[in-house]
Amino acid sequence: MSPSDDATRRAGAILTVDLGAIAANWRGLRDAGRASAAGGRQVDCAAVLKADAYGCGAGIVGPRLAAEGCRQFFVAHLEEGIALRKAMPEHPIYVLNGLLANTDADFVEHDLTPVLNHLGQLNAWRAAAQRFNRPLDAVIHIDTGMHRLGFSPDESQVLINERGRLRGLRLALLMSHLVASEEPNNTINVEQLSRFRSFVKAMPGAPTSLANSSGIFLGPDYHFDLLRPGAALYGINPLPGRDNPMLPVVTLQARILQTRQIDAFQTVGYGGAWRSARPSRVATIALGYADGYFRILINRTHVHLAGHRVPVIGRISMDLVTIDVTEVPEPLCETGALVEVLGRHMTADDLADHARTNAYEVMTALGRRYARVYADEPAGEPQNEPENAA
Ligand SMILES: Cc1ncc(COP(=O)(O)O)c(C=O)c1O
């Protein structure tokens, strides 16, 4: 989609998603898995597309990654799986939140695989296999320490002792999820690894998966048969506090709607939460908390305008944000000029720091009102400068 399209012309804010960068990030993680494969063992790399591919658009990211060679996909909700199936008719789609009551026929109809999180779900899915009179694929998720979803240690033991409980099902994957993979020195990682290893040893034959994005960087011991990255595909740093090895994926630009000169000692926005210390120029840009620009960002972050760092001032409104452009040459602040909210100067990880949250929340909150542009440039090339960049 080109920036001259109607949607971008009309839009107050434009989100550009670099599909080439997502594909390159996926290839990099896949190659990390391949490098760790030994003795003829294959390590495959899936893609986690839940929450609309972390705000990037699952229906577009999924097929792009499938074209790149990705063969297995994860979503959280059944509805996400149903929507994704329309975009990707062939590949396995695993639904992490599991099998809710009275949904087995939906899973079968849309050829989706539930991640079974407890014995009750396993029994229901086995009953569905009997009713539909055909083997059904299943993923078993065991809880190795998260204490959130998954077979408890007791239930896992039942499964090990009573393999007949899997009759009529094809075990597509045994998986578990790491608690603190972004903290390489946290001992919970090795504890979970050891519990997962014991379980898969007792259940030989099925493919296995443990590592999310950061887990992949814990090393080959954590790779098993299938990597399960989400965040890193979308450019979120899997190594907090260290250089980000992933390519940036999103650029968010918002338009200046109006600029005004104000005197010293004037307030800006609701509640008068910012006051000018000198005569100032204030620009108002077209996004707000309804678009995922969090209210907590009041007086504590900045945007970029033609390479100038510009403070965000005053309360974040539902649809508007005010910025102090006093230091920016006036011709650059004209109505319609694009301000970089997220991009090479301000990553989702940076904005998350300012908002006291994590980049996952920044990305999954990305607004539905943005015009979306999907770029697909060759990997590693510099991203486009905003239209009005210096
Ligand atoms: C079970 C499971 N696997 C994999 C992922 C992907 O994790 P990340 O986005 O940290 O790569 C998630 C996301 O939270 C998850 O819940």
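Is Cys70 buried or exposed? Cys70 is buried, at a relative accessible area of 0%. Buried means under 20% relative accessible area and exposed over 50%, with partly exposed in between, using a 1.4 Å probe and protein chains only.

A word on the model. It is predicted, so local features need pLDDT of at least 70 and side-chain atom pairs pLDDT 80 or more, while totals for chains, interfaces and linings use all residues. Numbering runs from 1 along each chain as its sequence is written, and side-chain values use heavy atoms, without hydrogens or water.

Back to the cysteines. A disulfide is a pair of cysteine sulfur atoms within 2.5 Å. By that rule, the count is zero. For Cys45, the nearest cysteine sulfur belongs to Cys70, 6.3 Å away. Cys45 is buried too, at 0% relative accessibility.

Next, the core. The largest nonpolar core has 114 residues. Such a core joins buried Ala, Val, Leu, Ile, Met, Phe, Trp, Tyr and Cys residues through side-chain atoms within 4.5 Å. Those with the most contacts inside it include Leu49, Trp125 and Tyr234. Domain 1 (20–234) and domain 2 (250–346) both contribute residues, so the core lies between them. Those bounds come from an automatic or database assignment.

Now the ligand. A side-chain N or O of Ser213 is 2.5 Å from a ligand oxygen. Lys50 places a polar side-chain atom 2.8 Å from a ligand oxygen. Ala231 uses a polar backbone atom, also at 2.8 Å from a ligand oxygen.

Technical notes
Polar contact = N/O pair within 3.5 Å; in protein donor to acceptor, adjacent residues only side chain to side chain.
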